[in-house]
Amino acid sequence: MSALAPAQAIPRLEHTGRVTQARVFLSELTKLRSVRSTKWSLFTAVVLTIGVPAIAAAVFSHHWPQASPQDRADFHPLELTFVGVQISQLAIGVLGVLVITAEYSTGMIRASMTAVPRRLPVLWGKAVVYALVTLALMTPAVLLAFVVSQGILSGRHINIAFTHAGVPRAVFGAALYLTVIGLFGLGLGAIVRNTAGGIATFAGIMFVLPPLMNVLPASWNSAASPYLPLQAGEALLALNRGNQLAPWTGFGVLCAYAAASLAIAAVLLARRDV
Amino acid sequence: MNKHPREGYGAGVIEARNLTKDYGDKRAVDDLTFSVEPGIVTGFLGPNGSGKSTTMRLILGLDAPSAGDVTVNGKHYREHAAPLHEVGALLEARSVHTGRSAYHHLLALAQTHGIPKRRVHELIDLVGLHEVADKRAGQFSLGMGQRLGIATALLGDPSTLLLDEPVNGLDPEGIHWIRNLLKDLAAEGRTVFVSSHLMGEMALTADHLIVIGRGKLIADTSVEDFVARASAKVVLVRSPDLQRLRVVLEGPGITFEGGERGSLEVHGLTTEQVGDAAAEHGIAIHELTPQQASLEEAFMSLTRTAVEFGTPAKTPEEAAA
């Protein structure tokens with residue numbers, strides 16, 4: 001470490017500026033991109049989104065001649081394209097939780113809230129920046145996933161064309177879906193303010209709650225399940241409607257979950273001690 | 001001093017009125033009323049767990065008071081449009097993302113106010129961190145973390161500085177630097193409010209003291225008065241006829257110490273009282289000296305009752321540290 005400058009040399013700041021939402025967006029972008037774990041999580045999400053369906057497509061193509069009639073009947077090329085999304089949604093959601101809970105676990109939140117004492121611009125800043133970054137990365141990722149996996153499947157002529165009704169909606173919808181999942185995670189993280197608790201809450205609602213619904217009477221289960229965040233959101237990715245909401249209705253329900261989590265987080269953030 | 005006073009300098013004042021904060025059943029800050037004036041270093045002194053950090057958090061609006069009020073430059077901290085230009089804060093518990101470099105930490109905070117990158121580089125150089133500016137803050141030593149905290153506090157060129165235990169973990173060179181820095185900042189007309197549990201440290205830097213214990217205000221006074229108050233009634237006297245002097249001085253509440261080699265420490269009387277009594281009885285006095293209690297002793301005697309005995313429950317500030 002070098003010698004310290006004499007204290008008299010403290011440089012003065014000529015221009016002073018006020019806090020604006022636009023400046024907080026820029027600040028949050030700096031925060032997001034300057035942490036190694038963020039880069040790795042997003043990189044992993046992109047790789048899984050593209051790589052897993054590519055491998056699955058290769059495996060299916062290879063085994064297709066020996067596949068049973070039942071296997072062939074169950075096979076759906078578009079669902080195969082989205083197997084990577086099924087995995088990367090966990091990474092995106094967990095990173096959404098971490099974007100906010102890491103500030104609490106490290107104490108950074110005190111610096112953030114001292115710089116922006118009105119607090120809410122920080123929450124909106126995180127949400128908007130994380131959503132835009134996720135959307136910007138995952139849109140090309142799901143497009144590539146589609147192109148690569150369907151390209152491999154086309155060798156056996158078992159692929160689906162991008163022009164097929166509903167496919168563009170499902171492909172671009174997958175990127176939107178991941179983005180909103182990330183926001184849901186961020187909202188939950190901001191409510192819980194604890195990394196382990198936030199991840200457990202997110203994973204519980206997304207992946208543990210659906211099978212638990214089976215303990216309900218069947219009619220209740222089938223009435224309620226489509227409204228769970230996971231099922232509701234996945235409606236946007238499906239071509240054939242099973243027991244699911246209409247694509248955009250389902251997506252709207254998922255958006256409502258994310259919006260509700262962020263709204264609760266905002267109310268709590270404004271009221272609670274940091 | 002009058003280098004280039006930015007508008008509003010000299011007006012930086014922290015005003016706390018009946019400030020109170022409860023965490024559950026525990027009262028961390030209890031009815032504190034004080035004001036911090038610009039142009040001097042004000043020491044905020046108290047034993048560990050006495051509510052200093054909580055008070056700092058209340059000033060910064062991180063915690064909301066249970067009762068009472070505190071303002072900075074006439075407004076609640078939260079209401080300032082450009083808070084980093086008003087108040088620069090170094091909080092005791094580390095407030096840095098461990099995975100982020102010092103440079104990006106400062107940059108992200110600077111960007112909230114549109115403070116240019118050049119300023120970030122200047123401050124990194126100023127606190128001597130430029131060789132480690134790209135290292136993750138989690139790898140920093142305590143001393144480096146404190147320097148980063150100082151850089152954070154100075155980022156917005158604030159008129160008021162709020163520093164919680166700034167010398168913690170610093171090497172002697174760093175401690176010396178901080179002392180001069182605080183004095184220089186005050187000499188520029190800024191308001192400097194610095195907490196410590198170390199009396200000796202405050203004796204070297206502070207002009208004025210606000211002393212708390214168990215969340216309550218114990219003293220709000222200049223450093224000299226603080227010492228005087230605690231040591232006014234201890235007098236060292238040397239006389240060839242101590243035996244007789246002792247008889248003359250005896251009275252309720254008056255005690256003696258020593259008595260060997262012709263000197264005696266009298267507790268409970270001022271130099272004037274001892275001198276007058278000796279003169280009245282024609283006793284020769286060879287020395288009559290008021291005993292300056294060290295600042296440390298003064299602090300201990302004033303806070304003794306305020307310090308919590310037994311196993312102190314963890315306050316939230318300690319738990320968060």
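Mentor: Before we start, a strand here is a DSSP run of E with at least two residues, numbered from the N terminus. Also, keep in mind that this is a predicted model.

Trainee: Okay. In β2(B), what's the bridge partner of I14(B)?

Mentor: That's V36(B).

Trainee: And how many bridges join β1 of chain B to β2(B)?

Mentor: Seven, and the two strands run antiparallel. Strand β1 covers residues 14-23 of chain B.

Trainee: What's the strand order in the open sheet of chain B?

Mentor: The order is β2-β1-β4, three strands with antiparallel pairing. The edge strands are β2 (26-36) and β4 (67-72) of chain B, and each of those pairs on one side only.

Trainee: How are neighbouring strands of this sheet turned against each other on average?

Mentor: By 20°, ignoring direction.

Trainee: Switching to backbone angles. What's phi for N18(B)?

Mentor: Near 50°, which is a positive value in a residue other than glycine. You'll find N18(B) in strand β1 of chain B.

Trainee: Why does N18(B) count as partly exposed?

Mentor: Because N18(B) has 13 C-beta neighbours inside 10 Å. The exposed class takes 12 or fewer, and buried needs 20 or more.

Trainee: What about D31(B), where does that one sit?

Mentor: D31(B) is in strand β2 of chain B. Its phi is near 55°, again positive in a residue that isn't glycine.

Trainee: And how many C-beta neighbours does D31(B) have inside 10 Å?

Mentor: D31(B) has 15, so D31(B) counts as partly exposed.

Technical notes. Residues numbered from 1 in each chain as written. Chains lettered and ligands numbered in written order. Predicted model: local features only at pLDDT ≥ 70, side-chain atom pairs only at ≥ 80, totals over all residues. Pairing = 2+ DSSP bridges. Helix = DSSP H or I, 4+ residues; strand = E, 2+ residues; numbered from the N terminus. Axes fitted to C-alpha atoms, helices over the stretch in contact; angles between N-to-C directions.
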